[in-house]
Amino acid sequence: QVQLVESGGGLVQAGGSLRLSCAASGSIFKINDMGWYRQAPGKQREPVAIITSGGSTNYADSVKGRFTISRDNAKNTVYLQMNSLKPEDTAVYSCNAQLITTMGRLYDWWGQGTQVTVSS
């Protein structure tokens, strides 16, 4: 059994900052890419930031220069530091992990999501 548990969402004023965390636990052998996605009301889920096991990163154009993704491989945890937040960043943020279990199975695993609301 694998779990991804997110934390750090909440309500913040425009221009403020939040830091999201997502910890993976369970029967994990290895985690490849980890990432954050978001879904705003009435919109499709979109990728926000991705980080490989080696630390390479990729960001959506809309968050470049404002958001930073990082990970702690020893803790199986990925972070998203969000600065200069805008009302259009309001969404449910979910973390994703491409992982291999101790049984040798490859999964694309998702967290439950955490709400981020940015007020103007």
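Predicted model: local features only at pLDDT ≥ 70, side-chain atom pairs only at ≥ 80, totals over all residues.
Colleague: Let's start with the strands. What makes β7 and β8 a pair?

Modeller: Two strands pair when there are at least two bridges between them. β7 and β8 (residues 77–82) share six bridges, running in the antiparallel sense, so they meet that rule. To see one of these bridges in the structure, find T68, whose partner in β8 is Q81.

Colleague: Which sheet do they belong to, and why is β7 called an edge strand?

Modeller: The sheet is open and has four strands in the order β1-β3-β8-β7, with antiparallel pairing. β7 (67–72) has a single partner strand, and so does β1 (2–7), so one side of each is left without a neighbour in the sheet. Neighbouring strands here are turned by 15° against each other on average, ignoring direction.

Colleague: Now the inside. Which residues touch the most other members of the largest nonpolar core?

Modeller: Those are W36, L80, M82 and Y93, out of 31 residues in that core. Several strands give two or more residues to the core, among them β1, β3 (18–26), β4 (28–39) and β9 (91–101). The largest share, five residues, comes from β9.

Colleague: How do you know that D89 and R38 form a salt bridge?

Modeller: The cut-off is 4 Å between a side-chain nitrogen of Lys or Arg and a carboxyl oxygen of Asp or Glu. For D89 and R38, the closest N and O atoms are 3.0 Å apart, and so the pair counts as a salt bridge. D89 lies in the loop between β8 and β9 while R38 is in strand β4, so the bridge ties together parts that are 51 residues apart in sequence.

Colleague: Are those two residues buried or exposed?

Modeller: Buried means under 20% relative accessible area. D89 has 1%, so D89 is buried. R38 has 6%, so R38 is buried too.

Colleague: What makes D89 part of a network?

Modeller: D89 also meets R66 in a salt bridge, at 2.7 Å from N to O. R66 sits in the loop between β6 (57–59) and β7, and D89 in the loop between β8 and β9, 23 residues apart. With a relative accessible area of 10%, R66 is buried as well. Salt bridges that share partners join R38, E46, R66 and D89 into one network.

Colleague: How many salt bridges are there by this rule?

Modeller: The count comes to four. One of them links D61 and K64, with the closest N and O atoms 3.1 Å apart.

Definitions and conventions
Residues numbered from 1 in each chain as written. Heavy atoms only, no water. Axes fitted to C-alpha atoms, helices over the stretch in contact; angles between N-to-C directions. Core = buried A, V, L, I, M, F, W, Y, C linked by side-chain atoms within 4.5 Å. Buried < 20%, exposed > 50% of the residue type's maximum accessible area, 1.4 Å probe, protein only.
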